[in-house]
Amino acid sequence: MRFSDLLKLALSNLGRRKLRTSLTVLGVIIGCASIVVMLSIAAGQEQMLLKQIESSRGLTEIDVSSYQDPNKKPSGPGSNGLVREGTGLTDAQIEELRTWQNVKKVHPVLTHYMNAKTATGSEAYINLIAYPYEYIQDLKLDYLKGSFPRPGTNPRSILPLSAGKDVQEMFFDPHGKDGGHYEYYDNFGFGNEYEKVDLYNEAIFVTVQEEREEDGVTIPPKKYLVQVDAIHDTKNDYELKSSLITEIEAFKAFMTQAFKGKAWPNQPASKDGKAMGAINYNSLKVISNSIEDTEMLLKDLRAAGYECNSNLEFVQSMRENMRTMQLVLGGIGGVAFLVAAIGIANTMMMSIYERTKEIGIFKVLGCRLRDISYLFLLESAFIGFIGGVLGVLISSGISMLINSVANSGGAFEFAEAADEIRQISVISPQLAIMAIIFSTLIGTISGLIPAIRAMKLSPLNALRTE
């Protein structure tokens, strides 16, 4: 019997018992849709996290926070063998790191908390982060108002400043009730904290020093009037949203003038409080040439005694967790698939009992045993294939519904930006194809035992069956 004849006969046999076939296919549809939707949610979570990382700092950036052993000679590539002085991160170390083979760029970072006060008396304690201008450009901030001043242009005040959009919500009335936060009631009647300070249009007073005593006299900190040049936003970097950003060289000049020979906070100082030695940076941003270089560079930096971390390690850890999550979700969907497989096997066994005489006729007419087994395997494979195709189509609709709810501002809140498309569930072409292949394979395997039983039927006993 030709293969094309077997295909036609298999489809014809499935059409004889439409209700039973439909119910069996429905079981496969539920099993396939379950496992596809479960795996698509896991894939969506992984994709969203990767997008967040790529849009914030990427996978080629390493945060170097300190140098652990001041007496250890550096052992990384490009090392000049000099013993480092102190545990701070200095310009000398930056220049050395720039000679390393896998290093593309090195950016120093300075941070400083300062008190801020508006003319109306609102106060805030704000983190100020100083970066090189090149790195500020690489951050690709979304400027809601204004823009960060280019080198050579005049800022609006003594420092070029860009404020995260959440900074203006950090101000409070020190003399107000409930901790001094401004309050309002939204449409649902819930009390929320809200700030009325417009940082872009309103200047603020800042202090970078603490109150001190000299010769028994209390000297209050000097106030500086500043106005931000821009209000910025980022999709995923919450530190930048709630901080002021400035250019590092301008910040150094400002701090040198503000402290007038005295050491800044957390900087090397003599016994009488005067500045000594090189500036110690709070951290360094080390940029590698590629993701592969990031892995090697992390090992080299730690071998040289640096304390560092990278998003790459987080991604690797996250992927391991996602694989576990996919196995768990896939296992839950697999239970439905197992039930569907049992349903296919039951349907095919019932078909054999109903078509015993037909099988006997095939054998008497000289039909080969393998053709009989192929017939039943094709029928069960068709059930798996049809159920797989319909299951993928239905799961695609469910996936679209989940994403639609997430983007309508409903129960799912995985992104802050209103214009950001949230893909909670992602069905890739590879997942869809694998689901159909798996459904067909499950159907074929489920028909294996019924096919063997059909082959073993005695022709004479089969012909006697009514």
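This dialogue walks through some features of one predicted model.

Trainee: What should I know before reading it?

Mentor: This is a predicted model, where local features need pLDDT of at least 70, side-chain atom pairs count only at pLDDT 80 or more, and totals for chains, interfaces and linings use all residues. Residues are numbered from 1 along each chain as its sequence is written, and side-chain values use heavy atoms, with hydrogens and water left out.

Trainee: How many helices and strands does the protein have?

Mentor: Helices (H or I, at least four residues) and strands (E, at least two) are DSSP runs, numbered from the N terminus. Here there are 13 helices and 15 strands.

Trainee: What share of the residues is buried?

Mentor: Buried means under 20% relative accessible area, exposed over 50%, and partly exposed in between (1.4 Å probe, protein chains only). Of the 466 residues, 42% count as buried.

Trainee: What share of the contacts joins residues 24 or more positions apart?

Mentor: A contact means heavy atoms within 4.5 Å. Among contacts with a separation of 6 or more, 73% are between residues 24 or more positions apart.

Trainee: How are packed helices described?

Mentor: By the angle between their axes and the distance between the axes. Axes are lines fitted to C-alpha atoms, for helices over the stretch in contact, and angles run from 0 to 180 degrees between N-to-C directions. Take α10 (residues 369–407) and α11 (residues 429–446): they pack at about 150 degrees, with axes 7 Å apart. So α10 is roughly antiparallel to α11. The cut-offs are under 35 degrees for roughly parallel, over 145 for roughly antiparallel, 65 to 115 for roughly perpendicular, and oblique for the rest.

Trainee: Is the crossing of α10 and α11 left-handed or right-handed?

Mentor: A crossing is left-handed if the near helix is turned anticlockwise from the far one by less than a right angle, and right-handed if clockwise. The crossing of α10 and α11 is right-handed.

Trainee: Which residues of α10 and α11 meet?

Mentor: From α10 they include L377, G384, F385 and V392; from α11, A432, I436, T440 and G443 are among them. By class, this contact has 8 nonpolar, 7 polar and no charged residues. Ala, Val, Leu, Ile, Met, Phe, Trp, Tyr, Cys and Pro count as nonpolar, Asp, Glu, Lys and Arg as charged, and the others, Gly among them, as polar.

Trainee: Is N403 buried or exposed?

Mentor: N403 lies in α10. N403 is buried, at 9% relative accessible area. A polar atom of the N403 side chain lies 3.0 Å from the backbone oxygen of S425.

Trainee: Which strand holds V103, and which residues does V103 touch?

Mentor: V103 lies in β2 (residues 103–118). V103 is buried, with a relative accessible area of 9%. Leaving out residues up to four places away in sequence, V103 touches L97, R98, V286, I287, N289 and L297. V103 and V286 are 183 residues apart along the chain, yet their C-alpha atoms are separated by 6.9 Å.

Trainee: And where is Y113?

Mentor: Y113 is also in strand β2. Y113 is partly exposed, at 48% relative accessible area. Beyond residues up to four places away in sequence, Y113 touches Y125, I126 and N127.

Conventions. A polar contact is a pair of N or O atoms within 3.5 Å; within protein, one must be able to donate a hydrogen and the other to accept it, and residues adjacent in sequence count only if both atoms are side-chain atoms.
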